[in-house]
Amino acid sequence: MSRDSARQSVPAPRDAGQEVLRRKELAALMRPALPGLADGIVREVLRAVPVYARPGDGAYGRVTRHGVECAVALFVDLVEDPQASRERLFETCRRLGAGEAREGRSLDDLQAAYRVGTRVGWRWIMRLGRRHRLSSAIMAQLAEMLFGYADELARMSSRGHREARAEIEGTRAGLRRRLLRLLTGPGAVPDAVLAELASAAGWAVPREVVAVAAERTVGTAWGPDVLADLDPPQPHLLLPAPVAARTLTRLGARVAVGPPVELGAAAHSLRWARAALRLVADGALPDAPVTWCTDHLTDLWLLSDGPLAEQVALRQLEPLDRFPDRTRRRLGETLLSWLQNGGNSEKIAVDLSVHPQTVRYRVRQLKQAFGDRLDDPDARFAMQAALRASGFRSPGA
């Protein structure tokens, strides 16, 4: 390449200077009209997006006007100098997006406001171009700048909205876990504390609740009326009562549902639900995807203190220890059915699916083993409780 051709490939300083001069002149044409442009954009935004026209809310109106004034001023700064700092305006846009999130709204209204502002701005540029007979090349450049600039502002607001939503959801999730711990922990929660924390957590306080204990972590998304702590080792939830079975069967994990209680007794409901889950795991309660404590209240009561229940069984059922295990099991089931059915052999036979003669034979064995204790009401009550706590159940129980 010759020295002459190399010299021709580099723009002359005079051309760069002309570009800077042209930009300065163009910005100088635009700046005097900026207050009127800002007024026009604010007026049109309030007309086209009614949510921003808040009567009596001067603070909100000032925020809207400030954002518009910053946006039009920076646009002209960028016309003059493409390297002008955007940070101040971008921070304003992030705050506008975050404000929408904290108001509980999507970005639809703010995006509509940006579109309105861009449309008003473009009409203003068109008038400016006609008044000062700007070339088509300059108008095309201004159009490209304006629409690219609007996209940047929208992206910054979207970022602010996402960041605020993440912060709100994280904060709210923490508040809801704290509320759940208070409600299911020891001691009563003062009404004022409950009301304040529930409001901050976005939780409508129900009159009655049920606690649900889960065998393992469940990933189902829950609505705003449910408080949940799904972290191991003891995942649990608190739901308004009543709760539908289909709500729980979709969990995909074994769960136990505590009895419905007033909110102040939520800790008891959870304690009973966890106890039921342990009894299912131990085989003391039937295995099922959902165990309803209300179906097993007597068993939960009898089995609430395992070592004590064993002591009762040792004393009340000691006469059965003389029999082999298989016979002991059959006699225990027969004794429980005999106590439950008032000694009616026909009902016991149906209950145990055996012949009445078999029932009578077993009852004779029981009378020989227990003697007069079978005629004592207090002893019969204690024996029935011990049999239930020890897992002696008829097939239909």
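The sulfur of Cys70 lies 8.8 Å from the closest cysteine sulfur, that of Cys93, which is too far for a bond, given that a disulfide is taken as a pair of cysteine sulfur atoms within 2.5 Å. For Cys93 the closest cysteine sulfur is in turn that of Cys70, at 8.8 Å and again too far for a bond, and by this rule the count comes to 0 disulfides. Cys70 counts as buried at 15% relative accessibility, and Cys93 is buried as well, with a relative accessible area of 2%; here buried means under 20% relative accessible area, exposed over 50%, and partly exposed in between, with a 1.4 Å probe and protein chains only.

The model is a predicted one, in which local features need pLDDT of at least 70 and side-chain atom pairs count only at pLDDT 80 or more, while totals for chains, interfaces and linings use all residues. Residues are numbered from 1 along each chain as its sequence is written, and side-chain values use heavy atoms, with hydrogens and water left out.

The largest nonpolar core has 43 residues, of which Met30, Leu89, Tyr149 and Leu153 touch the most other members; such a core is a set of buried Ala, Val, Leu, Ile, Met, Phe, Trp, Tyr and Cys residues joined through side-chain atoms within 4.5 Å. Two or more residues of this core come from each of helix H2 (13-30), helix H3 (34-48), helix H4 (58-80), helix H5 (87-102), helix H6 (108-132) and helix H7 (136-184), where helices (H or I, at least four residues) and strands (E, at least two) are DSSP runs numbered from the N terminus. With residues up to four places away in sequence left out, Leu89 touches Gly67, Cys70, Ala71, Leu74, Tyr149 and Leu153, contact being defined as heavy atoms within 4.5 Å.

The structure holds 2 aromatic pairs, for which rings of Phe, Tyr and Trp (its six-membered ring) must have their centres within 6.5 Å, planes under 30 degrees apart counting as stacked, over 60 as edge-to-face and the rest as tilted. Trp122 in helix H6 and Phe147 in helix H7 are 25 residues apart, and their pairing links distant parts of the chain. Trp122 counts as partly exposed at 23% relative accessibility, as does Phe147 at 41%.

Helix H7 also contains Gly160, which counts as buried at 2% relative accessibility. Gly160 and Gly99 are 61 residues apart in sequence, yet their C-alpha atoms are 8.4 Å apart in space. Not counting residues up to four places away in sequence, Gly160 touches Arg94, Gly97 and Ala98.

Strand E3 (residues 236-240) has 4 of its 5 residues buried, so this strand is largely enclosed by the rest of the structure. Strand E1 (residues 208-214) pairs with E3 in the antiparallel sense over 5 bridges, at least two DSSP bridges being required for two strands to pair. Strand E2 (residues 227-229) likewise pairs with E3 in the antiparallel sense, over 3 bridges, and a hairpin of 6 residues joins E2 to E3. His236 in E3 stands opposite Ala213 and also opposite Asp229.

Helix H10 (residues 266-282) has 17 residues that should span 24 Å at 1.5 Å a residue, and its end C-alpha atoms are 25 Å apart, which agrees; the expected span is 1.5 Å times one less than the number of residues. The buried residues of H10 include Ala266, Ser269, Leu270, Ala273 and Leu277, and just after H10 Gly283 takes a positive phi of about 85°. In helix H13 (residues 325-340) is found Ser337, which counts as buried at 0% relative accessibility. Ser337 touches Ile348, Asp351 and Leu352, with residues up to four places away in sequence not counted.
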